[in-house]
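Morning, everyone. I have one chain to show you, and I'll keep it short. Here it is.

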Amino acid sequence: MSRKKTPKSKAGSAPATSALPAANGPRSVRPGTARPGPKAPPNGPPQPGRSSIGGGGDFYDVAFKVMLVGDSGVGKTCLLVRFKDGAFLAGTFISTVGIDFRNKVVDVDGMKVKLQIWDTAGQERFRSVTHAYYRDAHALLLLYDVTNKASFDSIQAWLMEIQEHAQDDVVLMLLGNKVDSAQERAVKREEAEKLAKGAETALHQGPQRAPLPAA
Ligand SMILES: Nc1nc2c(ncn2[C@@H]2O[C@H](COP(=O)(O)OP(=O)(O)OP(=O)(O)O)[C@@H](O)[C@H]2O)c(=O)[nH]1
């Protein structure tokens, strides 16, 4: 696995990637060691369907690459685990190291859509690793924490990174996370709407703790 969160991870739930020796503690990932990596062609059209490589046996009609980005601690990994496994990762926060991905096939109007979702490290020191993965993303989910004003203030900087490293036609969505902590809210919905409008992104606000809609 490319990174992190061993205590939270479910065995076998994430694909393995090779890792560099850790300089200080957790493992890190070398760009390009995970597949598919930054050497893949620019995002282009969605990939046509085929059976999954490396097990799982999932068949799909079309595939998209999605990236989760945003400051450390906004809840990117929790969002991904919630979406993939339906579970909320409560407890000790262990920061992502490098980058990781999980696949999920969803049914959209009778079509099997495979989502390959990349979970990036929010910490500044991993930025050069994650930059390399923007180029072939079809969609970016940009998260902030509604209880953490600093994470919202960082959105402009994230937008600049996206502008620099992602494809022009990438789909971008702004997500305000942790709205279950309403009493601690530090970012008003209107502020986020204004920012989203300015950046021409869609805005969604939600907690990961709420039940997912029935499939
Ligand atoms: N109350 C609440 N807490 C959440 C929610 N989502 C995540 N958290 C908590 O926020 C902390 C950080 O969550 P992560 O998903 O690990 O954050 P991250 O964005 O992946 O952080 P990095 O890996 O450092 O980039 C954890 O302690 C989670 O339990 C949410 O919707 N509501």
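What share of the contacts in the chain with a separation of 6 or more comes from residues 24 or more positions apart? The answer is 70%, where contact means heavy atoms within 4.5 Å.

Ground rules next. This is a predicted model, so to speak of local features we need pLDDT of at least 70, side-chain atom pairs count only at pLDDT 80 or more, and totals for chains, interfaces and linings use all residues. Residues are numbered from 1 along each chain as its sequence is written, and side-chain values use heavy atoms, with hydrogens and water left out.

Now the layout. The chain has five helices and nine strands. Both are DSSP runs numbered from the N terminus: helices are H or I with at least four residues, strands are E with at least two. Starting at the N terminus, the order is β-β-β-β-α-β-β-α-β-α-α-β-α-β. Of the 215 residues, 46% are buried. Buried means under 20% relative accessible area, exposed means over 50%, and partly exposed is in between, with a 1.4 Å probe and protein chains only.

On to the rings. Rings of Phe, Tyr and Trp (its six-membered ring) pair if their centres lie within 6.5 Å; planes under 30 degrees apart are stacked, over 60 edge-to-face, the rest tilted. That rule gives three aromatic pairs. Take Trp118 and Tyr133: centres 4.9 Å apart, planes at 40°, so this pair is tilted. Trp118 is in strand β6, residues 111-120, and Tyr133 is in helix α2, residues 127-134. The two are 15 residues apart, and the pair links distant parts of the chain. Trp118 is buried at 4% relative accessible area. Tyr133 is buried too, at 3%.

Another pair is Tyr144 with Phe152. This one is edge-to-face, with 5.0 Å between centres and 65° between planes. Both residues are buried. There is also a cluster: Phe101, Trp118 and Tyr133 form one aromatic group.

The charged end of Lys104 sits over the ring of Phe83, 4.7 Å from its centre. The test is NZ of Lys or CZ of Arg within 6 Å of the ring centre and within 35 degrees of the ring normal.

Helix packing. Two packed helices are described by the angle between their axes and the distance between the axes. The axes of α2 and α4 (residues 155-165) come within 9 Å and cross at roughly 50°. Axes are lines fitted to C-alpha atoms, for helices over the stretch in contact, with angles from 0 to 180 degrees between N-to-C directions. α2 and α4 are therefore oblique to each other. On the contact side, α2 brings Arg127, His131 and Tyr134. From α4 come Trp158, Glu161, Ile162 and His165.

Last, backbone. Most residues other than glycine have a negative phi. Which way does the phi of Asp109 go, positive or negative? Positive, near 50°. Asp109 is in the loop between β5 (99-108) and β6. Asp109 is exposed, at 81% relative accessible area.

Lys178 also has a positive phi, about 70°, and is not a glycine. Lys178 lies in the loop between β8 (171-177) and α5 (189-199). At 26% relative accessibility, Lys178 is partly exposed.

That's it from me. Over to you.

How values were computed:
Parallel < 35°, antiparallel > 145°, perpendicular 65-115°, else oblique.
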